[in-house]
Amino acid sequence: MRTVIVGASAAGMAAAEAVRKRDPNAEIVMLSDENHPPYYRPLIPYLIYKEKTGEDILRQARLTPSNLDLRLGVHSAHLDPKNHTLTLGQDDILSYDRLLIATGASPVRPEISGLEGPGVFTLRTWADADAIAEAAIGAKHVVILGAGRIGMKSAFALRHLGIQVAVVELLKRIVPQQLDEESAAIFAGTVAEAGIKTILGQTFKTVNHKDNKVTSVTLDDGSELKADLVIVGVGVRANLELAASGGLRVQHGLLVDEHLQTSEAHIFAAGDVVETKDILSGASIVSGIWTNAADMGRIAGDNMAGGSSTYEGAFSLLNAMELGGLPVVSVGDVQAKPGDGIEVFAERRGQTYRKLVFRRDRLIGLILVGQIERAGIYQTLIREKADVSPLRRELVGPRFHYGHYILSNPGITDRYVMAG
């Protein structure tokens with residue numbers, strides 16, 4: 001039985017582990033169009049200013065499945081489901097019995113004049129980070145389009161190099177998907193202290209070049225910012241080319257069932273390429289989150305090897321990051337407004353902030369800034385769709401812990417006793 005996995009990031013590696021666990025003798029071939037061995041993608045901004053080396057971000061050998069046939073720098077160009085084959089590059093053919101498509105996503109570049117020219121970068125891969133680091137040598141001014149997680153991580157990385165950084169964001173606050181107004185205000189202060197300029201409510205009109213080099217950026221209000229290089233961080237789009245070449249069902253992402261099986265029974269999919277459902281609302285989403293990708297890979301891999309695991313859906317928001325030394329965790333629906341069954345508890349003390357969003361008897365959203373120690377407990381309650389009404393007072397208190405939930409739920413207590 002030959003299992004072929006296209007993609008060597010979170011979903012692909014988790015799937016390989018699951019296949020090997022269930023079938024120690026399976027032949028596993030993993031294809032990656034990158035030239036670097038598997039690494040932890042969330043750490044690549046640290047490569048820009050040498051806070052971490054390539055060795056630091058590599059996946060540890062002990063976590064890599066044994067007897068894995070890893071092939072780097074290989075482009076999977078075409079899929080033939082009928083004959084169970086992949087075309088690699090121009091004309092190499094690879095057959096498979098089971099296939100996992102974990103081709104991930106690629107950065108979006110808006111249709112803005114000059115944005116496709118030299119000196120304009122995205123940050124998605126190890127190679128991207130290396131290219132930005134090289135371009136930053138001698139640079140004095142950088143302008144970043146997008147104040148999301150990638151944009152802000154890039155901004156801090158480049159400030160470490162002493163470069164003047166301006167971040168332009170169309171919406172009215174930084175990291176708008178992950179933060180609400182109050183938490184964004186906390187980080188706005190941290191960003192300003194770091195010497196990073198933020199320009200909100202605007203976007204690029206043009207990126208200006210001279211002699212094949214970026215010279216400046218013109219904003220939609222006509223103002224101009226000096227720039228030696230530009231970074232674009234406005235989201236990603238699922239890499240659907242391989243799936244589409246084989247006639248698989250796609251929409252915004254590759255469509256799968258609850259077992260992460262595609263429209264072809266022998267082909268599975270996982271990670272940022274998949275269109276799944278939001279675990280809270282049931283709405284269709286394409287998740288670009290590392291932990292969701294790893295969960296999908298684990299379940300898809302188990303099913304490819306004969307299991308029957310079910311994937312219940314992904315969090316549309318599940319992020320932890322640190323900006324300027326200040327940590328934040330956001331989970332679930334953090335933008336819901338009070339009313340129609342929604343209640344919001346929010347408490348700020350200096351640079352510490354805690355926000356809990358409830359829909360009737362369930363916790364559905366969370367933001368923690370500064371003190372994030374209990375984030376895993378809250379996340380579990382959200383994922384389990386637990387009835388938290390018996391412990392609402394403890395939940396909003398400063399000393400809440402999982403023991404409160406166990407004691408309020410006899411079924412959970414019995415499960416823990418049996419496990420012990």
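Predicted model: local features only at pLDDT ≥ 70, side-chain atom pairs only at ≥ 80, totals over all residues.

Colleague: How many aromatic pairs does a search of the whole structure find?
Modeller: A pair of aromatic rings is described by the distance of the centres and the angle of the planes. The search took in the whole structure, and the number of aromatic pairs it found is three.

Colleague: How are the planes of Tyr40 and Trp290 arranged?
Modeller: The two ring centres are 6.0 Å apart. The planes make an angle of 45°. Stacked needs under 30 degrees and edge-to-face needs over 60, so the rest count as tilted. The Tyr40 and Trp290 pair is therefore tilted.

Colleague: How many residues apart are Tyr40 and Trp290?
Modeller: Tyr40 lies in the loop between β2 and α2. Trp290 belongs to helix α8. The pair links distant parts of the chain, with a separation of 250 residues.

Colleague: Is Tyr49 buried or exposed?
Modeller: Tyr49 forms a tilted pair with Tyr46, at 6.3 Å centre to centre. Its relative accessibility is 18%. The cut-off for buried is under 20%, so Tyr49 counts as buried.

Colleague: Which residue has its charged end over the ring of Tyr46?
Modeller: The cut-off to the ring centre is within 6 Å. Here the charged end sits 5.6 Å from the centre of the Tyr46 ring. The residue is Lys52.

Colleague: Why does the salt bridge of Glu17 and Arg59 tie together separate parts of the sequence?
Modeller: The side chains meet at 1.9 Å, N to O. Glu17 lies in helix α1, while Arg59 lies in the loop between α3 and β3. The pair therefore ties together parts whose separation in sequence is 42 residues.

Colleague: Which residues are joined into one network with Asp295?
Modeller: Asp295 and Arg298 meet in a salt bridge at 4.0 Å, N to O. Both lie in helix α8, three residues apart. Salt bridges that share partners join Asp295 into one network with Arg298 and Arg383.

Colleague: Which strand gives the most to the lining of the second largest pocket?
Modeller: This pocket has a volume of about 300 Å³. Of its 13 lining residues, those closest to the centre include Glu347, Thr352 and Arg354. Strands β24, β25 and β26 each supply at least two lining residues. With three residues, the one that gives the most is β25.

Key. Residues numbered from 1 in each chain as written. Heavy atoms only, no water. Phe/Tyr/Trp six-rings, centres within 6.5 Å; stacked < 30°, edge-to-face > 60°. Helix = DSSP H or I, 4+ residues; strand = E, 2+ residues; numbered from the N terminus. Buried < 20%, exposed > 50% of the residue type's maximum accessible area, 1.4 Å probe, protein only. Lys NZ or Arg CZ within 6 Å of the ring centre and 35° of its normal. 1 Å grid on protein atoms, 1.4 Å probe; cavity = no way out; pocket = protein on both sides within 12 Å on 5 of 7 lines; lining within 4 Å. Points joined across faces, edges and corners; volume = space filled by probe spheres on them.
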